Amino acid sequence: MPYNASQKRILHAALIVIANHSISGTRMHLIASEAGMSSANLHYHFKTKEELLTALMQDLGRIFSEKRYTALEDCQDTLEDHLRALFQQKRDQILLEPEYDQVQLDFWVLGQSDEEIRLKFQRPIRDWRNHLISILRHFRPAITQQRAELIAHSMVSMMLGGAMQYLGDPSFDLDAYFDLCLDQTLNSINQSQPVVNDTTS
């Protein structure tokens, strides 16, 4: 759903507060303070913390999707360039906007004990995988659906794993890690079928 200017300000404030305090440590008055508004004004837009968390999850899914598609806009029409752009986009996001991954990982943690959050968390991850599958099947139409799904699952795990390791230890070499992820992904794809052409006809 489209958000008005006040709601967007609240969602951004929630992102900052959760990144600093975790979901469990976040209180609505902290978000209101970060947004520069009264608690009453915040509650006018989002009546409960649960409602605000749901909106934030949905908004993060939208942001992540937009970032992925934007990263592909200037790509050469090859599978390797598309995959490289996606790994590069994730690397840049982790380095330049770590709060997005901090909050996403915190939602994952909360989802282990909250079934409703877990189900809502699955939706943007499923959209992410489906996007990857569509790219794989576009450039490698002979690859099986099952194989494409497994490779997409692996790529999501690689990217989330890179975020988790870097956020836990900033000395973690993201460049070398994502270079290896690209090589391993391409090897998995090339083992699935002979490489005939890197573009569809």
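Me: Contact means heavy atoms within 4.5 Å. Which residues of H5 meet which residues of H7?
Reply: Leu79, His82, Leu86 and Lys90 are the residues on the H5 side. On the H7 side they meet Trp128, Leu132, Ile135, Leu136 and Phe139. This is a predicted model, in which local features need pLDDT of at least 70, side-chain atom pairs count only at pLDDT 80 or more, and totals for chains, interfaces and linings use all residues. Residues are numbered from 1 along each chain as its sequence is written, and side-chain values use heavy atoms, with hydrogens and water left out.

Me: What makes a stretch of this chain a helix, and how many helices and strands are there?
Reply: Helices are DSSP runs of H or I with at least four residues, strands are runs of E with at least two, and both are numbered from the N terminus. The chain has nine helices and zero strands. Its pattern along the sequence is α-α-α-α-α-α-α-α-α. The C-alpha atoms fill a box of roughly 60 × 35 × 35 Å along the principal axes.

Me: Why are H5 and H7 called roughly antiparallel?
Reply: The two helices pack at about 160 degrees, with axes 9 Å apart. Axes are lines fitted to C-alpha atoms, for helices over the stretch in contact, and angles run from 0 to 180 degrees between N-to-C directions. Under 35 degrees counts as roughly parallel, over 145 as roughly antiparallel, 65 to 115 as roughly perpendicular, and the rest as oblique. H5 and H7 are therefore roughly antiparallel.

Me: What makes up the contact of H5 with H7, by residue class?
Reply: Seven nonpolar residues, one polar and one charged. Nonpolar covers Ala, Val, Leu, Ile, Met, Phe, Trp, Tyr, Cys and Pro; charged covers Asp, Glu, Lys and Arg; the others, Gly among them, are polar.

Me: Why does Leu52 count as buried?
Reply: Buried means under 20% relative accessible area, exposed over 50%, and partly exposed in between (1.4 Å probe, protein chains only). Leu52 has 2% relative accessibility, so it counts as buried. Leu52 belongs to helix H4, residues 49–71. Beyond four places in sequence, Leu52 contacts Ile10, Leu11, Ala14, Met28, Ile31 and Phe46.

Me: Why is Ser22 called partly exposed?
Reply: Ser22 sits at 25% relative accessibility and therefore counts as partly exposed. Ser22 is part of helix H1.

Me: What makes the phi of Ser22 worth a look?
Reply: Phi of Ser22 is near 75 degrees, a positive value in a residue other than glycine. Most residues other than glycine have a negative phi.

Me: Why does Ala85 count as buried?
Reply: Ala85 has 15% relative accessibility, so it counts as buried. Ala85 is in helix H5. Not counting residues up to four places away, Ala85 touches Ala71, Leu72 and Cys75.

Me: What makes a set of residues a nonpolar core, and which residues touch the most other members of the largest one?
Reply: A nonpolar core is a set of buried Ala, Val, Leu, Ile, Met, Phe, Trp, Tyr and Cys residues joined through side-chain atoms within 4.5 Å. The largest one has 62 residues, and Ile31, Leu56 and Phe107 touch the most other members. H8 gives the largest share, ten residues. Outside four places in sequence, Phe107 touches Ile23, Leu53, Leu56, Met57, Leu60, Ile117 and Phe121.

Me: How do we know what span is expected of H8, and what span does H8 reach?
Reply: The expected span is 1.5 Å times one less than the number of residues. H8 has 24 residues and reaches 34 Å from first C-alpha to last, close to the 34 Å expected. Its buried residues pack against H5, H6, H7 and H9.

Me: Why are H8 and H9 called roughly antiparallel?
Reply: Their axes come within 11 Å and cross at roughly 170 degrees. H8 and H9 are therefore roughly antiparallel to each other. Their contact divides into ten nonpolar residues, eight polar and one charged.

Me: Why does Ile151 count as buried?
Reply: Ile151 has 5% relative accessibility and so counts as buried. Ile151 lies in helix H8. Among its contacts beyond four places in sequence are Leu136, Ile143 and Thr185.
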